[in-house]
Amino acid sequence: LAHTLEGHENEVKGVAWSPSGELLATCGRDKSVWVWEWDQEEDEFECAAVLTGHTQDVKCVRWHPDGSSLVSCSYDDTIRIWVQDGDDWRCSEALEGHSSTVWAVAFEPDAGQQDAGGRPRMVSCSDDRSLIVWHQVAKGKGAAAAKGGGGGGGGGGWEAACKATDVLRRTVFSVDWGRGGLIAAGGADDAIAVFRVEGGPGAPTLRLLHREASAHTADVNCVQWHPTDAALLASAGDDGVARVWRWDV
């Protein structure tokens with residue numbers, strides 16, 4: 001054991017390293033997000049910020065691919081974008097689109113796979129059984145501007161681009177966006193669904209490509225694409241097994 005980071009009042013639900021590896025974000029049932037700074041020379045962690053704003057458990061944290069912002073999602077049905085402002089951190093916007101708990105978010109992995117407008121994208125999944133693809137818009141536009149926010153990293157705010165409903169029969173617990181452009185989702189009905197975003201930046205849609213109805217014999221807790229082999233997908237379930245799937249490309 002190298003380090004134990006203490007500060008959350010109870011269960012810690014998620015962790016995420018920044019792209020540079022210099023910051024570690026944690027989130028928990030205490031409704032907070034903590035940002036820890038790692039001094040590599042001294043090999044010490046120091047709390048850089050405690051971010052509050054969610055009104056319920058925080059389920060997941062993810063960094064923007066360029067490290068400019070941090071995303072958190074919560075039992076309060078929202079996604080929050082956090083940005084550093086000098087020595088402080090602030091919530092630049094709260095994204096509302098799901099009608100129940102937001103369980104996870106995932107960024108599109110490659111800059112070369114942004115939409116035709118060159119905008120970074122992310123996808124979220126929820127207890128409402130939906131997926132929402134969000135794209136980043138120019139500064140002064142989108143949800144941040146509408147709510148008086150200051151943008152969500154990379155110079156702009158975020159807005160919903162498209163939505164797929166009834167993705168699974170029950171809660172969607174996990175979502176991941178692979179380098180091959182495929183989005184995988186798994187959840188409480190033991191199934192895995194695979195989607196692709198199609199259409200231009202003005203009218204994108206989420207197209208269902210395949211649904212594996214009995215991917216596991218119990219809840220699918222996590223799905224993740226291989227970082228270099230775009231055809232490989234791993235899944236983990238309440239049935240006590242992990243499975244590796246090969247997508248026929």
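Begin by selecting strand S2 (residues 23-28) together with strand S3 (residues 32-39), which run antiparallel to each other and are joined over 5 bridges; strands here are DSSP runs of E of at least two residues, numbered from the N terminus, and two of them count as paired if DSSP finds at least two bridges between them. The model is a predicted one, in which local features need pLDDT of at least 70 and side-chain atom pairs count only at pLDDT 80 or more, while totals for chains, interfaces and linings use all residues. Residues are numbered from 1 along each chain as its sequence is written, and side-chain values use heavy atoms, with hydrogens and water left out.

Within this pair of strands, pick Leu24, which stands opposite Trp36 in S3. Then widen the selection to the open sheet of 4 strands, whose order is S1-S2-S3-S4 with antiparallel pairing. Its edges are strand S1 (12-17) and strand S4 (44-52), each of which pairs on one side only.

Next, show the rings of Trp17 and Phe45, which form a tilted aromatic pair at 6.1 Å centre to centre with 50° between the planes; rings of Phe, Tyr and Trp (its six-membered ring) pair if their centres lie within 6.5 Å, and planes under 30 degrees apart count as stacked, over 60 as edge-to-face and the rest as tilted. Trp17 belongs to strand S1 and Phe45 to strand S4, 28 residues apart, so that the pair links distant parts of the chain.

Trp103 is partly exposed, with a relative accessible area of 27%, whereas Phe173 is buried, at 18%; buried means under 20% relative accessible area, exposed over 50% and partly exposed in between, using a 1.4 Å probe and protein chains only.

Finally, select Ile79, Met122, Leu131, Val167, Ile183 and Leu206, which touch the most other members among the 33 residues of the largest nonpolar core, a nonpolar core being a set of buried Ala, Val, Leu, Ile, Met, Phe, Trp, Tyr and Cys residues joined through side-chain atoms within 4.5 Å. S9 gives the most to this core, with 5 residues. Another core, of 14 residues, lies apart from it and includes Cys27, Val35, Val58 and Trp63.
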